[in-house]
Every structure is written in structure tokens, then in C-alpha cells.
Amino acid sequence: LGMIIYVLIPLRKKVAIQNLNIAFPGKTQSEIIEILKSCYRHFGIVLMDVLRSPLLSMKNLDHFVHYDKAQIELLTKSRRGIIVSAHFGNWEWILPFLGLKEIPFTAVALTQKNRGAQKYFMESRQKTGSKIILKGASIRDMINIIQNGGFLGLASDQNAGERGLKAVFFNKKISIPKGAAIFQLK
């Protein structure tokens, strides 16, 4: 599936090649293309996993999701806080995973443009007990989640544009989100 997308829908392929050249200056162009193809294959797998996420259960969870048991113990003991993640690995399985582990978790999510996709994501993400609040919800609602003994999930990995914090990454100026840090201070 990833290779079909690579060939037919080369979404952001030029930007990805530029970024890979920055990250791996010693690689040849053929090596860069192989890394890029691997990324597309990975996201093809992630897409299929997203479609399979409603099938996750306690019975098959350990087969599909590899995790550090000490981290789950830490979450179970602390019972509240902020979990900051990025779109890394299969982020769509975080909600059903934490729900099945009975860890109270609410993620902030974007509203999908497609109504069918919005319905699917809302149902599959909340099927095991995790919750979703949509981006734009009040800060008070988010603070209440934590004060009431839950975890609030924030994904912070996109270019923040003019509003972000300026940083240097691979000797290049970038803009990173600062929302999770500001929220934590509140």
C-alpha cells in the first residue's frame, strides 16, 4: 500500500527528499530514495493498522503492541498528567492501548474534514474507553481532565510557523510548537 502511494500519490516527496538530504548528508541519492520508500512502506502499514484498530482487544494487545511494562506501571501509579507525543510509529493505537490498560486518557484531536473519517476516528479512538476532545476546547476542560485523575494527550510535532518557538535542528532554523509547555505551566 505504501509503495502504491509512493508511485501514485507522491505527497510531499520533494520535501521529504530535501529533509533526508539534510539529515543524512553522506548518503547517496539512491540511498536517500530507499529510505524514502521505507518511510512510505511504514506509513502504508500504519494506515492498515489504523483500519484494524477497532479489532484490538486485551486478548491480542500484547501481540500487536510492544511496550515497556515499567512505563505502564508509572502511569498507573501517578494516575494523572500530560502525555506529549508525536506522529511517530503508530500513534493511532495509543488511545485503544491506554483504554485497554484502563489508564484514563483523553487526547486532543483535530476535526477531520471528511464526515465519514471523523465518525470512524471518533468511534475507533474511543472504543476502549479513552476519550477525545476536539482542538479548540477550553483550557479549563483540559485542566479538569488532569485534576480529575486523568491523562491529557497532546501531539506536538508539526511546524508551528510564526507562533512557534525558534530552534536549530540539523543546523537549520525551525519552528517548534510550544503549546504543551505553556499548558503545563498553567
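In which helix does Ser78 lie? I located Ser78 in helix H5, residues 69-78; helices here are DSSP runs of H or I with at least four residues, strands are runs of E with at least two, and both are numbered from the N terminus.

**Entry 1: basis.** I am working with a predicted model, in which local features need pLDDT of at least 70, side-chain atom pairs count only at pLDDT 80 or more, and totals for chains, interfaces and linings use all residues. Residues are numbered from 1 along each chain as its sequence is written, and side-chain values use heavy atoms, without hydrogens or water.

**Entry 2: Ser78.** I looked up the accessibility of Ser78 and found a relative accessible area of 39%, which means partly exposed (buried is under 20%, exposed is over 50%, partly exposed is in between, with a 1.4 Å probe and protein chains only). From Ser78 to Lys27 I noted 44 Å, C-alpha to C-alpha, at a sequence separation of 51 residues.

**Entry 3: the chain.** I recorded 9 helices and 6 strands in the protein chain. Its C-alpha atoms fill a box of roughly 50 × 40 × 40 Å along the principal axes. Of its 186 residues, 30% count as buried.

**Entry 4: salt bridges.** I applied the rule of a Lys or Arg side-chain nitrogen within 4 Å of a carboxyl oxygen of Asp or Glu, and the count came to 4. Among them is Glu34 with Lys37, where the closest N and O atoms are 3.9 Å apart. These two residues are 3 apart in helix H3 (residues 29-52), and are therefore separated by about one helical turn. Asp49 and Arg52 also form a salt bridge, at 3.0 Å from N to O. Asp49 is buried at 12% relative accessibility, whereas Arg52 is partly exposed at 35%.

**Entry 5: Glu92 and Arg125.** I found a salt bridge between Glu92 and Arg125, with 2.5 Å between the closest N and O atoms. This pair links distant parts of the chain, 33 residues apart: Glu92 is in the loop between strand E1 (81-85) and helix H6 (94-100), and Arg125 is in helix H7 (residues 115-126). Glu92 is buried, with a relative accessible area of 7%; Arg125 is buried too, at 11%.

**Entry 6: a positive patch.** I noted that Lys135, Arg163, Lys166 and Lys178 form a positive surface patch (residues with over 30% relative accessible area and no salt bridge, like charges being joined within 9 Å). Lys135 sits in the loop between strand E3 (131-134) and helix H8 (139-147), and counts as exposed at 60% relative accessibility.

Notes:
Patches are made of residues with over 30% relative accessible area and no salt bridge: like charges are joined within 9 Å, nonpolar side chains (Val, Leu, Ile, Met, Phe, Trp, Tyr) within 5 Å. Accessible areas come from the Shrake-Rupley method with a 1.4 Å probe; for residues, only the protein chains shown count as cover. Lys and Arg count as positive and Asp and Glu as negative; His and the chain ends are not counted. The place of a charge is taken as NZ of Lys, CZ of Arg, CG of Asp or CD of Glu.
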